[in-house]
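Subject: Structure handover

Hi,

Here is the structure I promised to pass on. Please open it and keep it beside you while you read my notes.

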Amino acid sequence: MISVFGSANMDLVAYVAQAPKPGETITGRAFRTIPGGKGANQAIAAARAGGRVAFLGAVGDDAFGPGLRAALAGAGVDTRGVRTVPGPSGVAHIVVQDGGDNSIIVVPGANGTLTGPSAEDAETIGRSRALLLQLELPMEAVVAAACLAGAVTGAVTGAVAGAVTGTEVILTPAPAVPLPTELLDAVGVIVPNEHEAAVLTGRDDPRDALEALLDLVPEVVVTLGARGALYGSRDGVRLHEPAVPVRAVDTTAAGDTFAGALAVARTEGLGPEGALRFASAAAALSVRREGASTSMPHRPEIDRLVRDRT
């Protein structure tokens with residue numbers, strides 16, 4: 001099983017030819033309300049990719065809360081760990097330009113009330129092969145969840161994909177902020193994009209950033225958008241997986257799709273190369289469609305594209 005401890009937001013998405021400049025008013029071509037949030041996105045992506053997934057998080061008692069819960073359940077995600085708290089759910093205001101580039105403002109809402117996993121969450125994490133984390137929750141909550149996974153099973157260090165034991169912590173460091181040592185000590189795999197890798201290390205070249213991150217965690221995957229993804233581990237493995245050529249429509253949840261699919265591949269025993277190929281195929285399929293959770297592919301689509309690529 002894969003546990004996801006993270007955010008659930010309702011995405012308020014405006015589609016435009018070009019994002020407005022400060023002080024400018026423009027006309028959009030479409031607007032959609034779509035369940036999202038990095039945590040919920042990764043949970044849905046992993047479930048659609050074939051994983052057995054439990055989501056641990058919070059929604060508000062507003063009109064968005066039931067919709068967020070229903071979106072998770074509709075994808076086959078176990079929602080017993082979703083608590084309802086007084087006040088608004090998290091929301092994200094997203095502007096998507098023609099060509100797929102986007103800008104996002106996140107208002108945490110219920111996500112900001114979490115300080116760490118509950119006792120029931122702890123039991124779920126302890127039964128999981130992987131714990132997916134992001135940084136849209138308060139840092140204290142993320143650290144508590146990561147340390148809990150380490151305390152339950154012993155932090156995974158030097159693990160090789162396909163030989164994962166216990167609860168492996170997979171961290172997407174987004175939004176990019178300085179990471180506490182106690183969090184890094186519990187992480188088995190960190191999955192930044194190239195911007196986040198540069199922020200974390202001060203190194204603009206993704207390969208240099210990867211090497212610097214390996215001083216902090218056992219395995220690193222740096223996603224490069226249309227240029228694919230890099231992988232490195234402390235045992236000396238270095239890989240570059242090219243991206244699948246695709247015309248991007250909306251890149252909003254590509255990174256979350258990649259992370260969710262990567263977790264599924266690792267828990268199924270795929271090695272680094274196979275796991276990268278599987279995750280890259282899932283991400284490529286997601287950017288062909290509009291929306292976050294609505295764009296994520298199902299397992300047969302991913303398997304078919306992987307077969308075509310190989």
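In which hand, left or right, does H1 pass H8? The crossing of H1 and H8 is right-handed. Keep in mind that this is a predicted model.

**Two helices that cross**

Start with that pair. Two packed helices are described by the angle between their axes and the distance between the axes. Here the axes of H1 (38–48) and H8 (residues 254–267) come within 7 Å and cross at roughly 50 degrees. On the H1 side, Lys38, Asn41, Gln42, Ala45 and Ala46 make the contact. H8 brings Asp256, Thr257, Ala259, Gly260 and Val264.

**Helices with a buried side**

Next, look at H2, residues 64–74. Gly65, Leu68 and Leu72 are buried there. Down the axis of H2, the buried residues fall within an arc of 70 degrees, so they line one face of the helix. An α-helix has 3.6 residues a turn, so residues three or four places apart point the same way. Pro66 and Gly74 lie on the other side of H2 and are exposed. What covers the buried residues of H2? The cover includes E2, E3, H1, E4 (53–60) and E5 (78–85). After H2 comes Gly76, with a positive phi near 90 degrees.

H3 (residues 119–126) can be read in a similar way. Its buried residues are Asp121, Thr124 and Ile125. They cover an arc of only 100 degrees around the axis, which puts them on the same side of H3. Ala119, Glu120 and Glu123 are exposed, on the face of H3 turned away from the buried side.

**The four-stranded sheet**

Now find the open sheet of four strands. Its order is E3-E2-E6-E7, and the pairing is mixed. E3 (30–36) and E7 (102–107) stand at the edges with a single partner strand each, so one side of each has no neighbour in the sheet. On average, neighbouring strands of this sheet are turned by 20 degrees against each other, direction ignored. E2 (residues 9–16) pairs with E3 in the antiparallel sense, over seven bridges.

E9 covers residues 168–171. Four bridges join E9 to E8 (residues 130–133), and the two run parallel. Leu133 stands opposite Leu171 in E9. E9 also pairs with E10 (residues 189–190), in the parallel sense, over two bridges. There, Ile170 stands opposite Val189 in E10.

Which way do the residues of E9 point? Glu168 and Ile170 point one way, while Val169 and Leu171 point the other way. All of them are buried.

**A hairpin**

Last, turn to E12 (residues 229–233) and E13 (residues 238–241). They pair in the antiparallel sense over four bridges. Gly232 stands opposite Arg238 in E13. Four residues lie between the strands of this hairpin. In the hairpin, Gly236 takes a positive phi near 100 degrees.

Best wishes

Methods: Residues are numbered from 1 along each chain as its sequence is written. This is a predicted model: local features need pLDDT of at least 70, side-chain atom pairs count only at pLDDT 80 or more; totals for chains, interfaces and linings use all residues. Side-chain values use heavy atoms; hydrogens and water are left out. Two strands pair if DSSP finds at least two bridges between them. Axes are lines fitted to C-alpha atoms, for helices over the stretch in contact, and angles run from 0 to 180 degrees between N-to-C directions. Buried means under 20% relative accessible area, exposed over 50%, partly exposed in between (1.4 Å probe, protein chains only). The arc is that of the directions from the helix axis to the C-beta atoms. Contact means heavy atoms within 4.5 Å. A crossing is left-handed if the near helix is turned anticlockwise from the far one by less than a right angle, and right-handed if clockwise.
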